[in-house]
Amino acid sequence: MSSNALIKGSLQTIILKLLEENEKMYGYEITQKVKELTAGEIKITEGALYPALHKLEAEGLLTTEIQQVDNRVRKYYSLTKDGQKEVSFKLAELQSFVESMQRIINPGLKPELGI
Amino acid sequence: MRQLNQSELKEIQLAIFHKEITSAEVLAEVYDHYVSHLQGFTEKEFASQLWELEQKFTYAYCHALQSKYNKMVREDIGKTQWQVLRKYFCTSRWIYAVGILAVLYFIANQTQSEKEVGILILSPLILLTMIWFVFIWRVAQKIRPIKRTFKGIAIPINSSSATPFSERIYLPVLLAQVLIYFPRLFDFGIDFNPILPGIAAVITAVMTLYMLSLLEVWKIKSKTALL
């Protein structure tokens, strides 16, 4: 399983990317989707998820919608216009970071190969 | 995925009740997380899974989450109102602001007696009070499903957005009190009577714009928050 510190640094990017693909999601659904996509390799803890969702909401990148589901209230998150713009920026940033890390780990790899 | 029975739901509610969460938004989110998670397990696994959730959603964690959420909502309402107020003075909406000021200037010129000045200042305050009553009723309607879930629990549940919004409704009423009573406490030796209608018009204009901006914030936020 990946280290929590590594996940924490990319949590916002993960949330934004998932919401870009799924239109709207609720907290628990996000944790399950990440677990499913990574075959349990990455587990988002609740302790990190909700503060991250609230932070993205405060930054205006996410908007919320309250819905009644099975006699309880569910809060759905979706991307705002600013959030949609931010996804590509965050993904490019992460991609560049991963490439840089690969160059450090494998100095023999040529950057022009785009590995 | 299975439907939880009444005693299981009661157990979840009791576990969450011990966390003393008062924010309707946080409460709903935590409750939904618990129920969604536990629906994926059998009746036999229920107790152990609930215990696991309890280790994650501790009292301290829930209160930190609630406190940060309340702070965020407060800042967001303030920021939104400021954006709305700034919009009134944008080129596209300047006619709107000028229109209100012109009407008030006309009224101020017609205002002669102290009683008329009082009515002029009081009118937006009366409207604000009426807005407050409607607001309280609307919030109660919106958080009713959450309150119903946690029925019988002696913790006051309220929308995180309601308190900062209510405070913004009280603010002009308190300021008006200060403006009315402060000059009476001290004798400044200035005769305010000739400029009183003008001062009243300015105060009314500011309060009217403030009230309209607050209504617009309510309209914007009611789409996404429990307002």
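Predicted model: local features only at pLDDT ≥ 70, side-chain atom pairs only at ≥ 80, totals over all residues.
1. The axes of helix H6 (residues 114-149) and helix H8 (residues 196-221) of chain B come within 8 Å and cross at roughly 15 degrees. H6(B) and H8(B) are therefore roughly parallel to each other, and their crossing is left-handed.

2. The residues through which these two helices meet may be located in the structure above. On the side of H6(B), they include Val117(B), Leu120(B), Ile121(B), Leu128(B), Phe135(B) and Arg138(B). On the side of H8(B), Leu196(B), Pro197(B), Ala200(B), Met207(B), Leu215(B) and Trp218(B) are among them. Sorted by class, the contact of H6(B) with H8(B) comprises 20 nonpolar, three polar and one charged residues.

3. Chain B as a whole contains eight helices and zero strands, and its pattern along the sequence reads α-α-α-α-α-α-α-α. With a radius of gyration of 24 Å, well over the 17 Å that the globule rule gives for 227 residues, chain B is more spread out than a compact globule. Along the principal axes, the C-alpha atoms of chain B fill a box of roughly 80 × 40 × 25 Å.

4. Two further values describe chain B. Of its 227 residues, 43% count as buried. Among contacts in chain B with a separation of 6 or more, 79% are between residues 24 or more positions apart.

5. Pro194(B) belongs to the loop between helix H7 (162-185) and H8 of chain B. Its relative accessibility is 62%, so Pro194(B) counts as exposed. The C-alpha atoms of Pro194(B) and Gln112(B) are separated by 9.4 Å, although the two residues are 82 residues apart along the chain.

6. Helix H2 (residues 27-37) of chain A and H3(A) pack at an angle of about 120 degrees, and their axes are 10 Å apart. This angle makes H2(A) oblique to H3(A). The crossing of H2(A) and H3(A) is right-handed. Gly27(A), Tyr28(A), Ile30(A) and Thr31(A) of H2(A) make the contact with Leu49(A), Tyr50(A) and Leu53(A) of H3(A). By class, the residues of the contact of H2(A) with H3(A) are five nonpolar, two polar and no charged.

7. Glu57(A) lies in helix H3 (residues 46-58) of chain A. The relative accessibility of Glu57(A) is 14%, and the residue therefore counts as buried. Leaving aside residues up to four places away in sequence, Glu57(A) touches Leu62(A), Thr64(A), Lys75(A) and Tyr77(A), as well as Tyr69(B) and Met72(B).

8. Most residues other than glycine have a negative phi. Glu23(A), a residue other than glycine, has a positive phi near 65 degrees. Glu23(A) is placed in the loop between helix H1 (4-22) and strand E1 (24-26) of chain A. Because its relative accessibility is 65%, Glu23(A) counts as exposed.

9. Ala39(A) is found in the loop between H2 and H3 of chain A. Because its relative accessibility is 71%, Ala39(A) counts as exposed.

Methods: Residues numbered from 1 in each chain as written. Chains lettered and ligands numbered in written order. Heavy atoms only, no water. Helix = DSSP H or I, 4+ residues; strand = E, 2+ residues; numbered from the N terminus. Buried < 20%, exposed > 50% of the residue type's maximum accessible area, 1.4 Å probe, protein only. Contact = heavy atoms within 4.5 Å. Axes fitted to C-alpha atoms, helices over the stretch in contact; angles between N-to-C directions. Parallel < 35°, antiparallel > 145°, perpendicular 65-115°, else oblique. Left-handed = near helix turned anticlockwise from the far one by under 90°. Nonpolar A, V, L, I, M, F, W, Y, C, P; charged D, E, K, R; others polar. Rg over C-alpha atoms; globule rule 2.2 N^0.38 Å.
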